[in-house]
Amino acid sequence: MYSVDVKELVEKFNLTELTPNVSYEDKKITESDVNRPALQLTGFFEYFNPARLQIIGRVEHAFLQQMPQEEKITRIKNFFSYEEIPCIVLCHIDVEIMPEIIEIAEEYSVSLFKSHLSTTNFIAEVNRWLHIQVAPRVSLHGVLVDVYGEGVLIMGESGIGKSETALELIRRGHRLVSDDAVVIKRISETTLMGTSPSIIRHFMEVRGIGIVDVKQIFGVGAVKKHKQIDLVIKLELWNKEKEYDRLGLNAEYTDILGIDVVSHCIPVRPGRNIAIICEAAAVNYRQKKLGYNAADALNTRIMQNVTNRSDL
């Protein structure tokens with residue numbers, strides 16, 4: 001299970017600390033979803049997940065304010081009594097925060113913060129951020145390059161020419177995301193995001209030359225920090241006994257973290273310009289996303305030609 005420190009959340013969203021006596025240095029958020037405790041403040045705790053980031057907005061604050069004092073204290077204590085709560089953020093509260101909330105938060109050692117954002121905006125931003133930070137992930141051997149806006153993951157045996165292909169793509173104006181090791185996160189049911197381990201970011205190993213700093217040689221425009229993975233290119237040595245796809249009518253996929261990614265197996269042998277082939281694959285993939293499939297178009301033209309000949 002992956003997590004993010006509450007400290008990172010505070011720094012990222014510039015939160016104001018309301019409970020300075022409560023330490024949050026060792027607190028972590030392990031859930032990507034957040035919770036607004038509307039039902040919990042009414043006393044309903046079925047299906048309540050206290051491990052989520054808890055957000056109290058103006059509605060919840062106003063609801064507590066109109067309660068009798070004794071009932072208010074009871075409801076707040078019942079909610080704050082869950083030790084799994086990583087922290088609570090108050091949003092869009094344009095009146096003085098009830099002192100009872102701060103006192104009970106300190107009593108139960110729950111960190112309390114305030115955001116300058118509205119509740120809706122904060123939830124949207126923090127949800128997006130948390131889905132990336134605590135997403136399931138895997139590290140794969142390969143090279144990730146942004147080619148014409150498509151994230152192309154180049155894979156293959158060591159020494160097959162992945163880095164050399166990426167170097168040629170960079171020289172042709174495309175952008176490097178990661179070389180050798182690609183950290184891939186599943187940030188949604190359909191989206192994979194790839195990035196580089198920070199220690200090797202912007203560096204590339206080229207056999208016969210050594211380590212190359214892509215950012216320093218080609219400029220900041222030649223690198224990118226992260227990129228959605230759209231296409232997988234698998235490089236392998238040419239096998240004359242193997243029949244390779246020549247039409248592209250049937251799509252092939254590679255499973256990464258439970259998501260099927262369109263993939264192509266590209267045979268490598270002397271004289272083949274793999275970088276140009278990767279460019280063609282990226283453009284062809286984009287055309288398919290826009291509704292045009294060259295293989296289907298050719299097949300339709302051939303069938304029409306056959307039909308026309310049979311009518312003669």
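Predicted model: local features only at pLDDT ≥ 70, side-chain atom pairs only at ≥ 80, totals over all residues.
Which side chain does Arg186 meet in a salt bridge? The partner is Glu189, and the N to O distance is 2.7 Å. Glu189 itself counts as exposed, with a relative accessibility of 63%.

Good morning. As a general principle, side chains of opposite charge can pair when their charged atoms come close. In this model, the count of salt bridges comes to 14.

Let me turn to a pair that links distant parts of the chain: Arg36 and Glu60, which are 24 residues apart. Their side chains form a salt bridge at 2.9 Å, N to O. Arg36 sits in the loop between strand S4 (34-35) and strand S5 (53-56), while Glu60 belongs to helix H2, residues 58-65. Are these two residues buried or exposed? Arg36 is partly exposed, at 32% relative accessible area. Glu60, at 5%, is buried, because buried means under 20% relative accessible area.

The next pair is Glu279 and Arg172, whose side chains also meet in a salt bridge, again with 2.9 Å from N to O. Glu279 counts as buried at 7% relative accessibility, whereas Arg172 is partly exposed at 36%.

Terms used: Residues numbered from 1 in each chain as written. Heavy atoms only, no water. Salt bridge = Lys/Arg side-chain N within 4 Å of Asp/Glu carboxyl O. Helix = DSSP H or I, 4+ residues; strand = E, 2+ residues; numbered from the N terminus. Buried < 20%, exposed > 50% of the residue type's maximum accessible area, 1.4 Å probe, protein only.
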